[in-house]
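User: Could you walk me through how to read the contact between two chains?

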Amino acid sequence: MSAPPSPAPSPLPPLLEVQALRAELATRGGPLNMLDDVSFTLGHGRVLALVGESGSGKSATAFSIMGLLDPPARVAGGSVRFAGRELVGLAEAEMRRLRGNRIAMIFQDPMMTLNPVLTIGAQIVETVLAHAPVGRAEARRRARDVLGRVGVPGPEERLACHPHQLSGGLRQRVAIAIALLHQPDLIIADEPTTALDATIQAQILREVRALVTERRTALLWITHDLSVAEQLADDIAVMYAGRIVERGPATALLRQPIHPYTAGLIASLPRGRRGSRLTPIPGLPPTLASRPSGCAFRPRCGVAGPACAADPPWRDRLAGSAPGGAVRCVNPGQAVAA
Amino acid sequence: MLAWMLRRSFQAGLVVLAMTLLVFAGLHVAGNPVDILVPPDADAAERARIAAAFGLDRPLWRQYLLFLERATQGDLGRSFIYNRPALSLVFERLPATLELSVLALLIAAGFGISLGLFAGLRPQALLSRLIMAGSVVGLSLPTFWVGLMLVVGFSVRLGWLPSSGRGDTLALLGVDWSFPTLDGLRHLALPAANLALFKVALILRLTRAGVREVVHLDYVRFARARGLAPSRVVGVHILRAIMIPIVTVIGLEFCSTIAFSMVTESIFAWPGMGRLMIESIQVLDRPVIVAYLVAVVLLFVTVNLLADLLYRLLDPRVGPADAATGAGR
């Protein structure tokens, strides 16, 4: 007897479910909102790109999920469910068991993420030993294997190297290797290719994509670069001033952006004909202390009206079609028409 | 590496040369040792005989050249007072000073680093604020005053610890040491604590500043994101990164403790090199002063050399070229 074809969304709960996540930064003048009502879900084997300018809260979202937000910043509310388990308020020892094991993270600057005074081998081995009950010899063997898997040439010799003896691209491969070490369910990558040159960037994107597909690892890819998101992601969430303003399937969202901010980001990308002018978004993103109420993009928005002074509600991006994503704007559709 | 060490040795030689020159000139200005050596009732003939016996009748530059000539053969002269080779006098007193300084430094490093780590990792905690306030006190109180207060408090009022001398000693490698005996340790306690106080404050402030600086660096966050235990993040990743300035200061402090332990040694009647130096200055015993200073300069150079070598172990990015030119990081 043949099973009926199952619908596209899997019946399992999503791997990562972020609900109304709020983070604050304590200051002398009272707490400032770093993140406000951040919600998204990420399924097994899916790639979600979190896109936004510097200071939009992308990294804060990542560190909130990891439980690594350092004082004076803190998670002030909301929920992060990982494989059905609530991470907000989880005991530090429990959280540590997940970090680097079930949830791995890759940082932006490969020059800074590896400890300069320890060998590559020591840093991989300590990560193996943190989560696996194996001996040193076995840990070393795994370290060598994982370096080979991410395409580091001569892994055995590299283990004895210090980070400064490796190029930026190689260092980022080492960081990626460390992330893959325990075959995590989720990898959070915080702009991991930004600091690399374009050829290495493309190469690493391709390889990460392959490694992730192979193991059905979910990927939360943080970037300010829409073209990277386009190459890599299944879904895109656009962040502005601590909020997600639009989310949806990558191709649909890029082809037909609804939120004026998303549309502005796309218009500022170099694409299409050579020599065509880029259209920048006027103004600057607000600082943490000066975020306007209501829609924070309002002062820079071409179609803003009096209605934008109130918090814009979520609505479907495209009327009628269910998996089309959602947008937080009172004027959906107007920007595209312009 | 070898060239670098040779260059260092050559520099050390120049420093020693300049120092001896200064001591000869300085003591000549300070007074004539003959005045102290001859009995007050001696006549001119007796005076001349004694001056000739010590070679003090010759012009100063001749005395200096003679000193240099003998120094190249390892003879730094005989003490005017004890009539014994000056160098062996100094070395006799060395173990007492050495054990005092090493103990003081161990106390300073132990307390300084652990308190500094705590204050750096939990800057908001009440205890951290107390530690930092205490460190200001430790830095600003003069050593001699703290020494006197320790004697008044622990020896006179409470009667817990002895205030002077080395106590029982035990011969190890042909020299007497206080630290292996309980009574010796009791005698060491107060002078070592006195010497350590300033250094505890210094090292803890340095440690705290280092921790505050590296704790937010990516590689420390990455270490945490990899799920490493806090003991490993702090004990390996943070501590290794902040060790270089601390090692430098510990090295320099070790030298200065040995060189300038005179105050503490005088207060606690500790028969070390510092006391010998003070006594020798009072009687213008030039050979002992020179021998002492030569020993101290050589010690400074050696400890700095060791510290430089240690940098290389602590931080692989420090190359030999950096150290040779003196251009640190």
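Analyst: Let's take the interface, then a few backbone features. This is a predicted model, where local features need pLDDT of at least 70, side-chain atom pairs count only at pLDDT 80 or more, and totals for chains, interfaces and linings use all residues. Residues are numbered from 1 along each chain as its sequence is written, chains are lettered from A and ligands numbered from 1 in the order in which they are written, and side-chain values use heavy atoms, with hydrogens and water left out.

User: How much area is buried between chain A and chain B?

Analyst: The size of an interface is often given as the accessible area lost when the parts come together. Buried area is what two parts lose that way (1.4 Å probe), summed over both. Here that comes to about 2,400 Å², with carbon and sulfur atoms giving 60%. On the chain A side, Asp70(A), Val117(A) and Glu126(A) lose the most, together 23% of what that side buries.

User: And how many salt bridges cross between chain A and chain B?

Analyst: A salt bridge is a side-chain nitrogen of Lys or Arg within 4 Å of a carboxyl oxygen of Asp or Glu. The rule finds 4 across this interface. Glu126(A) pairs with Arg232(B) in a salt bridge, at 2.4 Å, N to O.

User: What about phi of Glu191(A)?

Analyst: Glu191(A) isn't a glycine, yet its phi is positive, about 50°.
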